[in-house]
Amino acid sequence: MFLQTVNAYFHAEGRDLAQVFCTLWSFIAPALGILILWRCVKPLLRFRREPETWAWLVMPDGQQLPVTHWENIIGRSKGCDIVVNISTVSRNHAVLTRYDDGSWSLTDIGSRGAVSVNGQKVDVCAIKYGDVISLGGVEMVLAPTTAEEVEEQKYYRTRPAAMASPGLTLFLLTIFQLLTALQFWMSSEPEAVVNSVSGMLALCALSWVLFAIVKLLHRSSFEVETLAFFLSTIGVAVIASSKVYDIPKQLVCIAGGIFIYLVLSWSLRDLSRAKQFRYVAAVAGLALLAANLIFGREINGAKNWIAIGSMSFQPSELVKLCFIYVGASTMDRIVTKRNLFSFILYSGAVCGCLALMNDFGTAMIFFAALVVICLMRGGSFSAVSLLATLAVCAALLLLVIDIPPHVARRLSTWGHAWDYRYEGGYDQVNAMRCIASGGLFGVGAGNGVFNNLVEAADTDYVFAYVSEEWGLIIGVLPVLAVIALGVFVARSASVGRSSFYTIGACAAVAIMMTQTILNVFGTMDLLPMTGVTFPFVSHGGSSMLSSWGLLAFIKAADTRQDASFAVRTVRSEEVELYE
C-alpha cells in the first residue's frame, strides 16, 4: 500500500521528477552495466593458466614428466597428456588415473606393446608410488609430489579476489538493481509497482544470500554468479514491463535454479559419486522426454510443454543437464567401448524423442553439445563413432514424414523477413524496427511498443525487447557476458583437473552460446527463428532452472585457487599420507 501511494504521487504531482530520473538512468545504466561486466570478465580472462602437478613420472634417464590431470593418456602422439616420444610406445598407449582419495590406476587402451607394472603384464591395475611402469619396454616410476611442492603451487596460483574484489562488484550490481527498482517505482502504474519493485529487491537479496554461502565455504570467486545475477536482473526488468504479475513465479524459479546450482556443485565435488550419478541422470532424462511425448501439449508447432494446473514447464530444458552429466561421465579419457556405445545409444534416443516432438530449436542445441563432446574426445575410433552418431541423429530428424509447418514457414522466410513482413516475417520485422527505434540508450522501461506487437516478445525475441527499452548497449551486454563465459571455459580447459569437469563445462557453455546465437541471430533474421530462449534473460521458469544448472558445470571447471566450491582443495597433509 505504501509503495502504491508513493507511486501515485509521482504520477499525479512528480511527473517531471520521474521523467528527469528515468532520462538520467537511461544514460547511467549502460555505463554501470559496462563497469559490472568488466569487473566480472577481467578476472575470468586474465588469470594465469597454471596446471596442477599431481605426481611425477621418472624416466630411466632421470627426467621427471609432470602428471597434470586426473586422467592422463600416455603415448607417443603429440595430443597425449604425457608424451613419451619413443618408437616402441604406441601413439595412445595407456591411461594413468588419479581418484578422489589420492589412489592411482593404470589402464591399457589397446596398445601394440605390453603394459606391465613391477614386471607383471596388466590390462587394468591399481598402482602406488614407487611402482615401476613399463610401456612398450620403456620403464618409468610413479613418484609423488612433496608437501612443499603442493604448498608452493597453492601460493603461486591465481587468487580471484586479488584481481577484482567480488564483494565490490556485487555491490555495484546491487546499486544497478536498486536504481532499476527506483525507476519502476516512479514510472510503473500504481497497481503494478509492488510486484516490480519487490521483485527487484528480492533478486538483490538472493544474490547476497548466495554470496554469503560462498564466503562461508571459504571461496573467493563470485564472478560467474555475478554475471548470472546481472543477466537475471535484466530478465526481471523485462518481465516487470511485460507481464509484471509473473515476477513472483520467475523469482521462485531463480531461487530453484540457485538450489539446483548448489546441489550440482555438491555432487561434482566427489567425482566418483558424480560418475555413478550418471545412471540416475540418464534414466531421468529419458523419463522426462517420454513424459513429454505422452502428456505434452503442442505450442507453436512443437510438443514440448507439460501443463500441471496453472503451471507449465519444458522437460527438455532439464534434460540438458542430464545429457551433460551422462556425456561428461561416460566420455572421459578412460575409454571403453561399452561406455562409448552406451552414450551413442543415449544420444540417439534423445534426438529421436526431440524429432517426434518437432522441437527443432532444442535439437540444434543438443547437436551443439554432442559436437563439443566429440571434439573433446581423444582417439580416432571414438571420434569416428561420435561423428557417425551425429549423422544418425541428423537422419532421425530428416526422416520425419513431413517437415512441420512451423519449421517450413520459418525456413521459407529466413533471410527474407522484409519480403514476408505481413506473413511469416512479421515478428522479425517488428523486432528489427524496435531495435532501431531504441537506439543506444533505449526509450525507457515500459515505454516500448514491441510487447504489444509480438506475442513472444519477452522470450524468443527478448534481445529486441531489451534493445528497444534499455538501448542497444544494454542489449549487447548479455551477449558479451555469455561470450566471456565461453572464453573463460576455453582457457580453463587446458589445465582442468579432470576431463569430467572439462567436458561438462565445455558442453554447458556450448549450450549457452548456441542458445544465445539462435536467439539473437534469429531475431535479426540472420538465422531461422527456432524459438529458443536467451539464458537467464528470457521469461521462463524452465529455462531459468536449466541456466543455473549449466552454470554449476562452468563453475566446476574453475581451477583458480579457492575459486570453485565444486573442487576440493588438496592439503599438504593429505599429500604426506601417500608419499
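1. Basis. The model is predicted, so local features need pLDDT of at least 70 and side-chain atom pairs count only at pLDDT 80 or more, while totals for chains, interfaces and linings use all residues. Residues are numbered from 1 along each chain as its sequence is written, and side-chain values use heavy atoms, with hydrogens and water left out.

2. Cavities. A search of the whole structure gives three cavities of 30 Å³ or more. A cavity here is a set of points on a 1 Å grid over the protein atoms alone, where a 1.4 Å probe fits but cannot get out. Points are joined across faces, edges and corners, and the volume is the space filled by probe spheres set on them. The largest cavity has a volume of about 70 Å³.

3. Lining. Lining residues have an atom within 4 Å of a point. For the largest cavity they include Cys22, Trp25, Gln183, Phe441, Glu469 and Trp470. The elements giving two or more residues are α2 (15–46) and α17 (462–470). Helix α2 supplies the largest share, five residues. Helices are DSSP runs (H or I, at least four residues), numbered from the N terminus. By type, the lining has eight nonpolar residues, three polar and one charged. Nonpolar covers Ala, Val, Leu, Ile, Met, Phe, Trp, Tyr, Cys and Pro; charged covers Asp, Glu, Lys and Arg; the others, Gly among them, are polar.

4. Aromatic pairs. The structure holds 18 of them. Rings of Phe, Tyr and Trp (its six-membered ring) pair if their centres lie within 6.5 Å; planes under 30 degrees apart are stacked, over 60 edge-to-face, the rest tilted. Tyr325 and Phe500 have ring centres 6.0 Å apart and planes at 65°, so this pair is edge-to-face. Tyr325 sits in α10 (residues 315–330) and Phe500 in α19 (residues 499–523), so the pair ties together parts 175 residues apart in sequence.

5. Buried means under 20% relative accessible area (1.4 Å probe, protein chains only). Tyr325 is buried at 2%. Phe500 is buried at 1%.

6. Ser196. This residue lies in helix α5 (residues 193–216). Ser196 is buried, with a relative accessible area of 1%. Its side chain reaches the backbone oxygen of Val193 at 3.1 Å. Leaving out residues up to four places away in sequence, Ser196 touches Phe184, Ser188, Ala240, Val244 and Ile247. Contact means heavy atoms within 4.5 Å.

Technical notes
On a 1 Å grid over the protein atoms alone, a cavity is a set of points where a 1.4 Å probe fits but cannot get out, and a pocket is an open set with protein on both sides within 12 Å along at least five of seven lines; lining residues have an atom within 4 Å of a point. Buried means under 20% relative accessible area, exposed over 50%, partly exposed in between (1.4 Å probe, protein chains only). A polar contact is a pair of N or O atoms within 3.5 Å; within protein, one must be able to donate a hydrogen and the other to accept it, and residues adjacent in sequence count only if both atoms are side-chain atoms.
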